[in-house]
Amino acid sequence: MTEGRILVVEDEHIVAMGIKKMLKSLGYQVMGIASSGEDAISKAESTFPDLVLMDIMLKGNIDGIEAAREIIKRFDLPVVYLSAYSDSKLLERAKQTGPFGYIVKPFEEKDLHSSIEMALQRHAVEKKKQEKKS
């Protein structure tokens, strides 16, 4: 496992607790749970996660895609989307943010694990490439 500090962004409390339990059983550290886009941006800034698991449909003025866009721009964190929705318009909007993954709910622990590991690895490789260019 590369690193493992994860911020969970999910507005349904029961779902968020289930994800938290899965992450802990996989050995990851849950840095916090945010239930709105605004809360996600704030917690990303204060908890310094290695990765953000982002639900797309959130309560509040900012949906998960807009929150992810801001988090990626400001903090250069990898985002993996979690969504029960997989329609083409939503997928197209999500793709424009350059996510490191997209998991359709409901999902299994092994799917979550492999997506997180791939995202962390890809982000680490991209950071090394950027450092070499500097």
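Reader: What radius of gyration would a compact globule of 134 residues have, and what does the chain have?

Author: The radius of gyration is taken over C-alpha atoms, and the globule rule is 2.2 Å times the number of residues to the power 0.38. For 134 residues, that gives a value near 14 Å; the chain has 14 Å, which agrees. Along its principal axes, the C-alpha trace spans about 40 × 30 × 30 Å.

Reader: What should I know about the model before reading on?

Author: This is a predicted model: local features need pLDDT of at least 70, side-chain atom pairs count only at pLDDT 80 or more, and totals for chains, interfaces and linings use all residues. Residues are numbered from 1 along each chain as its sequence is written, and side-chain values use heavy atoms, with hydrogens and water left out.

Reader: How many helices and strands are in the chain?

Author: Helices (H or I, at least four residues) and strands (E, at least two) are DSSP runs, numbered from the N terminus. The chain has five helices and five strands. From the N terminus on, the elements run β-α-β-α-β-α-β-α-β-α.

Reader: What share of the residues is buried?

Author: Buried means under 20% relative accessible area, exposed over 50%, and partly exposed in between (1.4 Å probe, protein chains only). Of the 134 residues, 43% count as buried.

Reader: What span should helix 1 have?

Author: The expected span is 1.5 Å times one less than the number of residues. Helix 1 (residues 13-25) has 13 residues and should span 18 Å. Its end C-alpha atoms are 18 Å apart, which agrees.

Reader: Which residues of helix 1 are buried?

Author: An α-helix has 3.6 residues a turn, so residues three or four places apart point the same way. In helix 1, A16, I19 and L23 are buried. Seen down the axis, the buried residues fall within an arc of 65 degrees, so they line one face of the helix. That arc is taken over the directions from the helix axis to the C-beta atoms. The face turned away from the buried side carries the exposed residues I14, K21 and K24.

Reader: What do the buried residues of helix 1 pack against?

Author: They pack against strand 1, strand 2 (29-34), strand 3, strand 4 (79-83) and helix 5. Contact means heavy atoms within 4.5 Å. Across the chain, residues 24 or more positions apart account for 64% of the contacts with a separation of 6 or more. Just after helix 1, G27 takes a positive phi of about 95 degrees.

Reader: How many salt bridges does a search of the whole structure find?

Author: A salt bridge is a side-chain nitrogen of Lys or Arg within 4 Å of a carboxyl oxygen of Asp or Glu. The search finds 13. One of them joins D50 and R5 (3.5 Å, N to O). D50 sits in the loop between helix 2 (37-47) and strand 3 (51-55), and R5 in strand 1 (residues 5-9), 45 residues apart. D50 counts as buried at 9% relative accessibility, whereas R5 is partly exposed at 30%.

Reader: Where do K105 and D55 lie?

Author: K105 is in the loop between strand 5 (101-104) and helix 5 (109-133), while D55 is in strand 3, 50 residues apart. Their side chains form a salt bridge (3.3 Å, N to O). Both K105 and D55 are buried.

Reader: How many residues apart are R122 and E126?

Author: Four, about one turn of helix 5, where both lie. R122 is partly exposed at 37%, and E126 is partly exposed at 31%.
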